[in-house]
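I opened the notebook to look up salt bridges in this structure, and to ask which parts of the chain they join. The entries follow in the order in which I checked the pairs.

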Amino acid sequence: MKILVTGNAGYIGPVLVRHLRKAMPPGQYVGYDAGYFGHCLTAPKYLPERDFDVQHWGDIRSFPVELLDGIDAVVHLAAVSNDPIGNRFAVATEEINIDAGKRLALAAKARGVKHFVFASSCSIYGFADDGAKTEGHALNPLTAYARSKVAMEQALEPMANDDFVVTALRFATACGWSHRLRLDLVLNDFVACALASGEINVLSDGSPWRPLIDVQDMSRAIEWAISRTVENGQAFVAVNAGTDSANYQVKDLADAVARMIPGVRVTINADAPADKRSYRVDFSLFRRLAPHHQPQLGLEQSIARLQRGLESMGFSDRQFRSSIFIRMKVLENQIEAGLIDEKLRWLP
């Protein structure tokens, strides 16, 4: 099986390819990435893209469709990756997350690709205070990023058929260790705060709900989606990817980190305005469709792996929110240096 992974030089890609190498050893793996975050390495012993058989660098908006020849499955990770970046770069978000994604999927279908796996997000449910959301509930995307995920799902559904199986994995909030770590994710941020300063300052009142999934378990879900049949769902499936037991309130995440890392103090901003990005999610469909690819890493394991990884690199940066581990800061620094423009295109 020959698999193309777009956006592979980010947070998920280094973990995903190592997982797939073990789970599907005969596979051939091709990467395609714009390279914005290629230098944002978390002390690996080698460049993570070495695990791919072939690595291509380029803007997904100018994707060379001939790279799809001979590809059996596309894992589409390439995207403007979070709410702050989506809001700051609205034009690029539409161009990359929606327009380029549609073109890629259409080209993949036309060139005989059999499986298309789209990294969607549970953030499309928006604010939800009336219980855990299933795939049948109405969507309420509150940000440009979430709206782009909805638009892509809507574009992909009519493309799917028995010869082009499409899976939209509505991932819970990512967390966990990677050789290209992000510290702009809630649990990762809390662990970094605990190690750098011994204090976790929760900027909200701590009440918002977040479902979590470790990046290792995201890779397991992608493995399932790459190889699932039409009988295992339908030609198109949008499925919440995570586990019911991993729905947490933000304050509980902070407390869990403090329990595992001695001497850490947690403060809550009780006067903070309500955070509308609060939702619980029902993962029963994923449990039925993918019983052998369920999440395996619990909250404590994710925290422990983050702690070990950060300690192994001597992490102590109290100013890490201005570092290469914050995606927005990387892009802003590249714009300031004249490397990319406001539409996130590389400059000559």
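Entry one. I noted at the outset that this is a predicted model, and I began with the salt bridge in which the side chains of Glu199 and Arg265 meet, at 2.8 Å from N to O. Because Glu199 lies in strand 8 and Arg265 in strand 12, this pair ties together parts that are 66 residues apart in sequence. I then looked up Glu199 by itself and found it partly exposed, at 22% relative accessibility.

Entry two. How many salt bridges does the structure hold? I counted 13 salt bridges in the structure, and I picked out the one between the side chains of Glu49 and Arg180, with 2.9 Å from N to O. Glu49 is in the loop between strand 2 and strand 3, while Arg180 is in the loop between strand 7 and helix 5, so the two tie together parts 131 residues apart in sequence. Are these two residues buried or exposed? Glu49 is buried, with a relative accessible area of 5%, and Arg180 is also buried, at 0%.

I turned to Arg345 and Asp59, which form a salt bridge whose closest N and O atoms are 3.8 Å apart. Arg345 lies in the segment after helix 10 and Asp59 in the loop between strand 3 and strand 4, so this pair ties together parts that are 286 residues apart in sequence. Arg345 is partly exposed at 31% relative accessible area, whereas Asp59 is buried at 15%.

Note on methods. Residues are numbered from 1 along each chain as its sequence is written. This is a predicted model: local features need pLDDT of at least 70, side-chain atom pairs count only at pLDDT 80 or more; totals for chains, interfaces and linings use all residues. Side-chain values use heavy atoms; hydrogens and water are left out. A salt bridge is a side-chain nitrogen of Lys or Arg within 4 Å of a carboxyl oxygen of Asp or Glu. Helices (H or I, at least four residues) and strands (E, at least two) are DSSP runs, numbered from the N terminus. Buried means under 20% relative accessible area, exposed over 50%, partly exposed in between (1.4 Å probe, protein chains only).
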